[in-house]
Amino acid sequence: MTSKNSVSLKTKGAANDADVRYGHILQVLTDWTDTTVLVAVCGRGTAKSTVIQARRMYRCVHEMPGAPLAVVGNTYANLENNIMPAVENGWKLMGWIEGVHYVKNTRPPQSWRNKCSIIVNDYHRVYTFFNGSTLFLGSLDNPSLLAGKSVVHLFFDEVKYAREVKANRALPILRGDAISYGASHLFLGLTITTDMPDTGDGEDDWYFRYVSEMNPILIEHIIMAASERNRLLTALVREEHRDKPSPRLLRSLERQIEYFDRGLLKMRKGAVFFINTSSLINIDILTPEYVERLYNGTLELHEFLKSVIGMKPGLRRDLRFYVRFGEEHKYSGTASGEAAYSSRELKHLRPDEPLDGGMDFGNMLSLVIAQRDGQRYRIHKSLYEIPPGWFRELADQFLRFFDSQTCKELRLYYDRAGNNYQAQKEDYASKIKEAIEKDGTGRRTGWTVRLMSRKQAVIRQEAEYDFMQVLMEGKTPGLPQLLIDAPNCRELMSSIEKAKAEIRYTGKLKAVYKVKKSEKLAPKKLPMNSTNFSDAFKYLMMRTEWLRLVKGKQTGGNIGAVDAWFDARNS
């Protein structure tokens, strides 16, 4: 099989008279791994449709003759005008000819139909292959058209445009015939390709759930085995091209290749391979000049990092609510640079001094833990619970992580709504206080929680915008230098970087607000995508003594917003 990025040449000498073909490393890795589920998030110009999708379809057709397959896009127009022409080009490069190896949108020869394992009456938006295999085109803008179909392998291209709820409606058609095709490692498989999504622009990243399903050690073993098989296959081809090949050596090589084929089948079956690559893997074809041109003006930096380098983007800086937040506010609090399992691993934590906490009582419980460190203010850890978890589960997380803390005092700042029903002793602030001070059996833990927001006033978003501008600028005497432990506060970092700003007007008065739509997401998406954690951060930082230092300062966004808040707070 060859690809658009392959080069074919003949080596000299009778013993080496064989085609040698080269492809970029992504093609090699996806060919060698060839797992049941393949997810490739790749930069521009990596030939995702021509190389990955086309070659996987090619293998499915040969591996499972007569099988029903389906390729799904966000719209039929995108499938027919963009995706499938690129796929057909990939088939052409592998030697397939339209009318000989496949036909589209037309009734195939009866001999092909006889080999098909299903009955097809309508061939509109259908590819049929010489061995009876069938490829249906499906659109997520009308997923009901896929209902009732049963396929053995499902292909998604440009999947960042596919909303999760619609993709989930398409996945049930992946069931097929286990008796006929269950022996193949591609049976009930998925092939997903796209470039990096920008969730801030409405693109979806539901397929990142497959990252946690991948076993990196297994993938490493598959690649090593496939590499050895490739070496043996090369030796076999060279021996076959000799003037007098050795029958004994040929049999030995064939037995070894068969051994690796059996082993690779067992390893690949049910396995998941997720890979994220940049456009630079194909730099020999794209050329450095192409990438340089994109960097120097064709694309703005945010788009370049996402589409070419393959970095998962935060919100564009000019659209952020926390517009001054940057790399200078991040650090790694562990020696390894990885997230800590216990507070013992935190280099800068002071175990003999009290902790501060900021908490938001939203669709999930969000808690950030911090501590003053001289002129610095370090946020050490973010903790959360999504339904059905609640105060007990969150408190247990806190108690386990900070079990080595000798000074067991937590000063908790929180949303004023946490004081609701305080007279009836049903307020959220009291519930989290009790859950930390007493374990699940009712025994005291030794911790004391001081509720710092009992008389908290409403913190308006325009006041928060002003305050955070001044705080993060880091030039106001008396305000600490903000530092966030990036490995241990992933959720908080994501919430800050993804919080989007919106301009609203009340008459001629301009104000900057935080867009809160992300708090309506499904619970599993809240930790990394909602503004809940940024609110917990707000309650932690916007305390009276620091607000007093900001009072009277103008940031150019909401002049006097902190002043108005401060006056209301102390009236």
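Visitor: Which residue in S7 is the bridge partner of Tyr-127?

Guide: Leu-135 is the bridge partner of Tyr-127 in S7. Before we go on: this is a predicted model, where local features need pLDDT of at least 70, side-chain atom pairs count only at pLDDT 80 or more, and totals for chains, interfaces and linings use all residues. Residues are numbered from 1 along each chain as its sequence is written, and side-chain values use heavy atoms, with hydrogens and water left out.

Visitor: What makes S6 and S7 a pair of strands?

Guide: Strands here are DSSP runs of E with at least two residues, helices are runs of H or I with at least four, and both are numbered from the N terminus. Two strands pair if DSSP finds at least two bridges between them. S6 and S7 (residues 134-139) are joined by three bridges and run antiparallel. So they meet the definition of a pair.

Visitor: What lies between the strands of that hairpin?

Guide: Four residues lie between S6 and S7, and Gly-132 takes a positive phi near 95 degrees.

Visitor: Which strand pairs with S6 over three bridges in the antiparallel sense, besides S7?

Guide: Strand S5 (residues 102-104) does. Val-103 has Thr-128 as its bridge partner in S6.

Visitor: Which way do the residues of S6 point?

Guide: In S6 (residues 126-129), Val-126 and Thr-128 point one way, while Tyr-127 and Phe-129 point the other way. In a regular strand the side chains alternate between the two faces of the sheet. All four of these residues are buried.

Visitor: What order do the strands of the open sheet have?

Guide: The order is S5-S6-S7-S4-S8-S9-S3-S10, eight strands with mixed pairing.

Visitor: Why are S5 and S10 called edge strands?

Guide: S5 and S10 are edge strands because each pairs on one side only.

Visitor: Which strand pairs with S8 in the parallel sense?

Guide: Strand S9 (residues 189-194) pairs with S8 (residues 153-157) over five bridges. His-153 stands opposite Gly-189 in S9.

Visitor: Why is Phe-273 called buried?

Guide: Buried means under 20% relative accessible area, exposed means over 50%, and partly exposed is in between (1.4 Å probe, protein chains only). Phe-273 has 6%, so it is buried. Phe-273 lies in strand S10 (residues 272-277).

Visitor: What does Phe-273 touch?

Guide: A contact means heavy atoms within 4.5 Å. Not counting residues up to four places away in sequence, Phe-273 touches Leu-29, Thr-33, Thr-35, Val-37, Leu-38, Val-39, Met-214 and Ile-219. Thr-30 is 243 residues from Phe-273 in sequence, yet 8.4 Å away in space, C-alpha to C-alpha.

Visitor: Why is H7 called roughly antiparallel to H8?

Guide: Axes are lines fitted to C-alpha atoms, for helices over the stretch in contact, and angles run from 0 to 180 degrees between N-to-C directions. The axes of H7 (residues 216-240) and H8 (residues 247-268) come within 9 Å and cross at roughly 155 degrees. That makes H7 roughly antiparallel to H8. Under 35 degrees counts as roughly parallel, over 145 as roughly antiparallel, 65 to 115 as roughly perpendicular, and the rest as oblique.

Visitor: How do you know that H17 is largely enclosed by the rest of the structure?

Guide: Ten of the ten residues of H17 (residues 532-541) are buried, so H17 is largely enclosed. Among them are Phe-533, Asp-535 and Lys-538.

Visitor: How many helices and strands does the protein chain have?

Guide: The protein chain has 19 helices and 19 strands. Of its 571 residues, 50% are buried.
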